[in-house]
Amino acid sequence: MTKTLWATSDLHVTFKENQATVDKLNPKAPGDWLIVAGDVAERIPDVVRTMGQLVQRFHTVIWVPGNHELFNRSTDRINGKARYRSLVGQLRALGVITPEDPFPTFGSVTICPLFTLYDYSFRPVGLSAKQAVAQAKVKLDDELSIAPYVDIQQWCAERLDYSRTRLNEVKGPKILVNHWPLVIEPTHRLINRDIALWCGTTATRDWTLKYNALMAIHGHLHIPAETRVDGISHVEVSLGYPFEKHPPHVQRPWPFPVMEIS
Ligand SMILES: [Fe+2]
């Protein structure tokens, strides 16, 4: 029987329309896998509840964190890096595969869930990160909900080191999965380009070629388009907010069928 590897991101289930869509998200065949590339929800119990539902339906479920999972409130008991560790622990307990687990293989392809964050390097030439953030006309909530709780650039550097080590350990073809795009080009579709500051890092630009990737899957921009760089497709698989509309030439099937095996 044919098995499909499906990919989604940015489920944002606090919107009731999105929860209704996720309620109907089912495998087509019993052996189907599902990638959830971040931004399930902001509150940990909502993330765990949603992933718990999906892991019951799909053979294998792979999750990477988005910025919304990392949002802290001053009243939260666990913040910053501890928040990520808590999410990983609770999702692992459900059987979900996280960026801290051995990479699974779908057929002969290794699926690599990554968590590389961002470091403000998608910024105009000649500005420091601090200057670019200060000058941005639109700032993401990350500045209020993540930045005060952790040194983002430092954490990004640590995540890059960790991810390189993990990717170097695996030979053969791969699918790279990350919430933030691995290359800057998808951010060129943003109406407000300032937002690119919170959308990734230039350090991952050559990863598809370097690590033998067949495709890169990402979310975050809520623009479900495909971008080809160095001959490799970077596909955004977001559901996004219910009020967001995209022209037909941008839209990709949702959930996105990454590959099939029989
Ligand atoms: Fe999102």
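Visitor: How do strand β5 and strand β6 pair, and over how many bridges?
Guide: Strand β5, residues 109-113, and strand β6, residues 174-177, run in the parallel sense over 4 bridges. Two strands count as paired if DSSP finds at least two bridges between them. Strands (E, at least two residues) and helices (H or I, at least four) are DSSP runs, numbered from the N terminus.

Visitor: Which residue of β6 is the bridge partner of Pro 113?
Guide: Val 177 is the bridge partner of Pro 113.

Visitor: What kind of model am I looking at, by the way?
Guide: A predicted model: local features need pLDDT of at least 70, side-chain atom pairs count only at pLDDT 80 or more, and totals for chains, interfaces and linings use all residues. Residues are numbered from 1 along each chain as its sequence is written, and side-chain values use heavy atoms, with hydrogens and water left out.

Visitor: Back to the strands. What is the order in the open sheet of 6 strands?
Guide: The order is β4-β5-β6-β7-β9-β8, with mixed pairing. β4 (105-106) and β8 (226-229) are at the edges with a single partner strand each, so one side of each has no neighbour in the sheet.

Visitor: And β2 with β3, in what sense do they pair?
Guide: In the parallel sense, over 4 bridges, with β2 spanning residues 33-36. Leu 34 stands opposite Val 61 in β3. Between β2 and β3 the chain passes through helix α2 (residues 44-57), a right-handed β-α-β crossover. Right-handed here means that, with the strands pointing away from the viewer, the path from the first strand over the helix to the second runs clockwise.

Visitor: Which way do the residues of β3 point, and are they buried or exposed?
Guide: On strand β3 (residues 60-63), Thr 60 and Ile 62 point one way, Val 61 and Trp 63 the other, and all are buried. Buried is under 20% relative accessible area, exposed over 50%, and partly exposed in between, with a 1.4 Å probe and protein chains only.

Visitor: Switching to helices: at what angle do α2 and α3 cross?
Guide: Roughly 25°, and the axes of α2 and α3 (residues 80-94) come within 10 Å. Axes are lines fitted to C-alpha atoms, for helices over the stretch in contact, and angles run from 0 to 180 degrees between N-to-C directions. That makes α2 roughly parallel to α3. Angles under 35 degrees count as roughly parallel, over 145 as roughly antiparallel, 65 to 115 as roughly perpendicular and the rest as oblique.

Visitor: Which residues make that contact between α2 and α3?
Guide: Among them are Val 47 and Met 51 of α2, and Leu 87 and Leu 91 of α3. Contact means heavy atoms within 4.5 Å.
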